Amino acid sequence: LKSPYHGGHLEVIVGPMFSGKSEELIRRVTRAVIARQRVRVFKPLLDDRYHLSAVASHAGRTIDAVAVRDAAGIRSNLALDGGSETTLLGLPGGVLPDVVGIDEVQFFGTDLVPLALELADQGVRVILAGLDLDFRAEPFGPMPELLARAESVEKLTAICTVCGAPATRSQRLIGDQPARFDDPVVLVGAQESYEARCRVHHEVAN
Ligand code: ADP
């Protein structure tokens, strides 16, 4: 599996919900596994949509993943923090995988940026997937800087649920009504859902 890049680098996969980011991450990781490369995939612990220990696409495909609380959790799993724990793949502490995949990158803090750069500088192919924009269509978490620093960026689109055009945004609905700009990200007890929408049909209530 020849990379067009010399050594480590950052690949970012972004787009709205349902755009196939997880599918694309799974596709790239599966190819690396077939090429007998050492791969480790991470996801934030808070996303327990389908599996605690796997990345799952909406269409149902999964790959094994390690759920971590934050970027420091990735560091200690890879024993980058000087820890001596043996990694899941049986690598001795400090030996890095060939490929590190991270899903739902938007939920990590900006301390993911120096970690991703450090891994790339040490020769790792780092594949990062996540939302570029939040439900208000504002840049999400560490994504802006990761997009700027990546060697490769793929922006995927979903299908707008209103008109069928390519969708670039995630519509947040609370009880069938568009969420407001300052609605809290976590609404306890609310009946909320998300849909892919194009620029024209994406709505944020005031
Ligand atoms: P993401 O990780 O970007 O949320 P997934 O890889 O989990 O996306 O899921 C993508 C899949 O979701 C598509 O291949 C398709 O089967 C399904 N899907 C459901 N609703 C839509 C939609 N509105 N537009 C495109 N795909 C959709």
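Modeller: Two strands pair if DSSP finds at least two bridges between them. Helices (H or I, at least four residues) and strands (E, at least two) are DSSP runs, numbered from the N terminus. The model is predicted: local features need pLDDT of at least 70, side-chain atom pairs count only at pLDDT 80 or more, and totals for chains, interfaces and linings use all residues. Residues are numbered from 1 along each chain as its sequence is written, and side-chain values use heavy atoms, with hydrogens and water left out.

Start with strand 11, residues 169-174. Strand 11 pairs with strand 12 in the antiparallel sense, over two bridges. Strand 11 also pairs with strand 13, again antiparallel, over six bridges.

Now the individual partners. L173 has P178 as its bridge partner in strand 12. In strand 13, the bridge partner of L173 is S193. I174 stands opposite Q177 of strand 12. The hairpin of strands 11 and 12 has two residues between the strands, and in it G175 takes a positive phi near 55 degrees.

How enclosed is strand 11? Five of its six residues are buried (under 20% relative accessible area; exposed is over 50%, partly exposed in between; 1.4 Å probe, protein chains only). Strand 11 is therefore largely enclosed by the rest of the structure.

Next, the salt bridges. The term means a side-chain nitrogen of Lys or Arg within 4 Å of a carboxyl oxygen of Asp or Glu. The whole structure holds 14 of them. One joins the side chains of R28 and E154, at 2.7 Å from N to O. This pair links distant parts of the chain: R28 lies in helix 1 and E154 in strand 8 (residues 152-155), 126 residues apart. R28 is buried, at 10% relative accessible area. E154 is partly exposed, at 31%. Both belong to a network of salt bridges that links E11, E24, R27, R28, R125 and E154.

A further salt bridge joins D182 and R180, at 3.9 Å from N to O. D182 is exposed, with a relative accessible area of 60%. R180 is partly exposed, at 41%.
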